[in-house]
Amino acid sequence: MTMQVVRCRTEYMDNPLGLDTREPRLYWQLRSEARGASQTAYQILVAKSEELLQEGAADMWDSGKVESGQSQHIVYAGAPLQSEGRYVWKVRVWDAQGAVSDWSEPASWSMGLLERIAWKGQWIGRKAESGVELQPAPYMRKAFRAEGEVTRATAYASALGLYRLYVNGVESGEPFAPGWTDYDKRTQVQTLDVTALVQQGDNAVGAILGDGWYAGTVGMLGNRVYGERPFFLLQLVLEYADGSRQLVVTDGTWKTIRGPIQYSDMIKGESYDARQELGDWCHAGYDDGFWEQPDVRPGYNGLLVAMVEPPVRITETIRPIEVRRTEAGTYIFDMGQNMVGWTEVRASGTRGTRITLSHAEVLNPDGTLYLDNLRRAVQQDHYTLKGEGVERYEPHFTFHGFRYVEVIGYPGEPTLDDITGKVVHSDTPLAGKLETSDAMVNQLYSNITWGQRGNFLSVPTDCPQRDERLGWTGDAQVFARTASYNMDVSRFFTKFVWDMIDAQQPSGAFTDVAPDGGWIRFKMWSTRLNWYAPDNSGWGDAGVIIPWTLYLMYGDTQVLTRHYDAMVRWVEYLRSNSEELVRPGYANYADWLSIDADTPNEVLATAYFAYSTLLLSRIAGVLGNEADQTHYEALYRDIAAAFRRAFVDDTGRIHGDTQTVYVLALQFGLLEGDLREQAIERLVADIRGRGSRLSTGFLGVGYLLPALTDSGRLDVAYELLTQEAFPSWMYSIKHGATTIWERWDGWTEDKGFQTPSMNSFNHYSLGSVGEWMYRYMAGIEVDPVAPGFRHAVIRPQPGGRLTWVKASYESMYGTIRSEWALQPDGSLRLEVEIPAGTTADVYVPGGSATVDGVSPEDAGGCSLLRSDGAETVLRIGSGRYVIICEGK
């Protein structure tokens, strides 16, 4: 059977609008029922219209038959793309037998405004009201006429702040657009197809502006970090059947006014007075004679770039599981899950009644909301009823981290149907699924994924509830591989790398936080923090680690090419600020929030210096830069030698003698010969000496189980995974956690809550064990030589109290599945599936194995690579296989 070509995408997206890259990349997947199906050639056609494409008239690009098995990251190489152009494409492929497939279904992309001169709109806002700390949200509108038949209507929109766009009363776009960037450097533009919303004759376009990250409160950095108030930019392009065009742009002819949103702040919540609603304010025919003229901003010096990140969306709604009345007459709802987003309330009552929705992650022992850990954040939304039947309300430009909702001032007695939780995060599609025979391990995986959902909101934040919510780079890098297994974070991290580049210092240092948002100024001026380090090991290294992770998981070399110079500047900065290749110990964070184990800063810093250098050498090799590859390989070896001289004694003891120093030294390849074996022994001894418990913080925890497993101590890795005593992953689960906590000791039986100054119950970093669960426990691993899972490594490692594991991962090429189960007779049953166009090496324990009930040599699509008595290695092509091996 010939192959099918499916899921054609452009720049990681389905039919994207408004690209600004002039050489977009194309992707497709293959489907075939035949085992070992592979692509040997492809042909791409690109045209300006579907009609031309159907006729085979590729007026933009006909690639011809290209001999290649590659189906990802194919760079467009046709005629120059035009600003606002729309292009459709299709592809067909040839298999190993020379048979050609049918053409794929057409896919498309459009280009945005490629030159600054193409922008005709102006930035408009509303002047701030004097004496008001939290400003009301400006409402803006413009009436216009479409004099003919509109065949295409495209809105190019952005804001310094946030906006919600409406055309003839219908909202278009997503909340929290255009996302968070360092606005001094760049802001993103959304391109929206509003053709179906524009009618011939009278129309109206409107927008509500929010302060967002631009003018609102940004963590503990204060408000108005980038500007005093928000501004809006729109260029609505109408294309008529006769070929003419009309522009509707933001300028001084628009109208603005304050409305029912008294304020809406990321950190301070929202207040909404329904009595001040403006009726059909974004419809045609509305009388805006009493509205004001807008304030027109002279210009904007940052870059206007196409939307890189996935939009923030409501991805799920949750019904509460319980409600109870308090002694104070309020009502506390339990959503059953620590989540991020907001709540919608349904109520009817007397005009002027004010309802308050207060949000918290956990409860105090007396059953009241635990609010101490919010610091200056106010997780409250206020709604004043207009008194007109059943009313519904949800906030506009704020979000909260919570499981519990206290409803104050509700008219009557609310039921479980009167409150709805809206789960909100960057729409990174689900990529991985994982389930085991152990309910607590399953809950751990759930907690990891919910922690990711709760903190991936435009940037990878460190917590969603208190007055922080910053894009900490160290937190992001330790979790990046786990995040990539859980969800498709290709676009999310591509954009975050840009944030790190924009924040990179002239010295070459990458920052602790991205976007910077004033963090450097804040920490340098804070005598309370006393955090003056110009760089921080493990945090700045994210500038190398995250691009490398994107390469491994998605096969993306563009991110390496584009940011190579920035990575070189980082490594050279580290070398320039070292003494005989040993880094100084001035870092502020160290192995953040470790338990009774203080890892010396200079050890961490030198280890990460070596690791960034090692990755840079590999990146140079990927890019074909042999001179740099050789140079940085030699530098890495020299750093490793310097590390051993400075920190490792003859018995294998590493300075600091913590689990983290041994884990990093092992995983970063800094030890040789007997020193490596001694380090393993010391690591295990420390774990055993603590009662088979860990002590690692943010920087060590993600490498802990991999280091043990790679060193032959799988048994200890599983002991730590399922340990239920404090400190452990399972300890929090035993006490009701539904997300990963920031601290191992966020709450303990003997001490209660940790310090409220820093105690989030939704923080993904310690969930970086998810990477081990996929790579080792389930055995789905990438091959760096064929990244993006073009060639996978399937190597499950059963152990501990688990009897079966089921895992799948949606790779760039399709679904990879690994399911193992221990059989009553002691054998291991492994079911593997890999997608068309890929291959995999499968490692199973034992000296013999059958495939689909026969020897590997007799099973189609499979060959035996090695069998040494302890392990059998098979090479398989695409398809589904059932492998039985003797012994565990």
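Predicted model: local features only at pLDDT ≥ 70, side-chain atom pairs only at ≥ 80, totals over all residues.
Two packed helices are described by the angle between their axes and the distance between the axes. For helix α7 (residues 542–554) and helix α10 (residues 601–622), the axes come within 10 Å and cross at roughly 40°. That angle makes α7 oblique to α10, because only angles under 35 degrees count as roughly parallel and those from 65 to 115 as roughly perpendicular. The crossing of α7 past α10 is left-handed. On the α7 side, the contact is made by V544, I545, W548 and Y551. These meet Y608, Y611, S612, L615, L616, R618, I619 and V622 of α10. By class, the residues of this contact divide into 10 nonpolar, one polar and one charged. An α-helix has 3.6 residues a turn, so residues three or four places apart point the same way.

Helix α10 also takes part in the surroundings of helix α12. In α12 (residues 659–667), eight of the nine residues are buried, so this helix is largely enclosed by the rest of the structure. The buried residues are Q659, T660, V661, Y662, V663, L664, A665 and L666. They pack against α10, α11 (626–647), α13 (673–689) and α14 (698–710). Just after α12, the backbone at G669 takes a positive phi of about 70°.

The next element is a sheet. Strands of a sheet pair through backbone hydrogen bonds, either parallel or antiparallel. Here six strands form an open sheet with antiparallel pairing, in the order β31-β38-β39-β40-β45-β42. The edges are β31 (432–436) and β42 (849–851); each has a single partner strand, so one side of each is left without a neighbour in the sheet. On average, neighbouring strands of this sheet are turned by 10° against each other, direction ignored. Within the sheet, strand β40 (residues 828–834) runs antiparallel to strand β45 (residues 879–885), and seven bridges join the two. I834 stands opposite G879 in β45.

The last stop is a loop residue, N364, which lies between β26 (354–360) and β27 (380–384). N364 has 23% relative accessibility and therefore counts as partly exposed; the cut-off for buried is under 20%. Leaving aside neighbours within four places in sequence, N364 is in contact with L369, Y370 and F753. In sequence, N364 and F753 are 389 residues apart, while their C-alpha atoms are 9.2 Å apart in space.

Note on methods:
Residues numbered from 1 in each chain as written. Heavy atoms only, no water. Axes fitted to C-alpha atoms, helices over the stretch in contact; angles between N-to-C directions. Helix = DSSP H or I, 4+ residues; strand = E, 2+ residues; numbered from the N terminus. Parallel < 35°, antiparallel > 145°, perpendicular 65-115°, else oblique. Left-handed = near helix turned anticlockwise from the far one by under 90°. Contact = heavy atoms within 4.5 Å. Nonpolar A, V, L, I, M, F, W, Y, C, P; charged D, E, K, R; others polar. Pairing = 2+ DSSP bridges. Buried < 20%, exposed > 50% of the residue type's maximum accessible area, 1.4 Å probe, protein only.
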